[in-house]
Amino acid sequence: MPERAAPGRPLRVLALCLGNICRSPLAEALVRRELAAAGVPAVVDSAGTADWNVGRPADPRSREVAQRHGLDLGGRARQLTRQDVQAFDVILAMDAINAQDARALVAQAGGAAARVHLMREWDPQAPAADVPDPYYGGLEGFEDVYRMLERSAWGFAQAMSPPGP
């Protein structure tokens, strides 16, 4: 379980997938929304482990699904950096391979690998399962991924919420 942010400082969360155009932009928007709804001050961003989409907007299918659900995916793809693993409190990886890549970078940067978690650790329907990459499928796959991420983002936000009285 990741630790909550220090008092007076927002929680810094990074959503991570391979190319930063399908899963992690959706996760970023959902985590931001759910943390805000839970009253958790946060800075949320996303990145990819690969560099081939750097500078591109989110996949049109991700943007369409997000728009259907009232979210905006306005960012541009970027690659995970050494500075990211030092700056963010929690890295939410979409799958085991992305988590492994992030942990390797954390180790190189001298940080604690425990900050890297699978996004679906907070999905009550499939704890710690991978979020499948919908890139080679149709719009329905993106909608399925949205639902997984929505459940996971809600669960994560609840876990990060301040303890009740």
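## Strand E3 and its neighbours

Strand E3 is joined to strand E4 (residues 116-118) by three bridges, and the two run parallel; helices (H or I, at least four residues) and strands (E, at least two) are DSSP runs, numbered from the N terminus. Ala93 has Leu118 as its bridge partner in E4. The model is predicted: local features need pLDDT of at least 70, side-chain atom pairs count only at pLDDT 80 or more, and totals for chains, interfaces and linings use all residues. Residues are numbered from 1 along each chain as its sequence is written, and side-chain values use heavy atoms, with hydrogens and water left out.

Strand E1 (residues 11-17) is also parallel to E3, and four bridges join them. Opposite Val90 in E3 stands Val13, and opposite Ile91 stands Leu14.

## Side chains of E3

In strand E3 (residues 90-93), Val90 and Leu92 point one way, while Ile91 and Ala93 point the other way. All of these residues are buried, meaning under 20% relative accessible area (1.4 Å probe, protein chains only).

The order E2-E1-E3-E4 describes an open sheet of four strands with parallel pairing; two strands pair if DSSP finds at least two bridges between them. Strand E2 (42-48) and E4 are the edge strands, each pairing on one side only. From one strand to the next, the twist averages 25°.

Helix H4 (residues 96-109) packs on the sheet and touches E1, E3 and E4, where contact means heavy atoms within 4.5 Å. The direction of H4 makes about 175° with that of E4; axes are lines fitted to C-alpha atoms, for helices over the stretch in contact, and angles run from 0 to 180 degrees between N-to-C directions.

Key: Buried means under 20% relative accessible area, exposed over 50%, partly exposed in between (1.4 Å probe, protein chains only).
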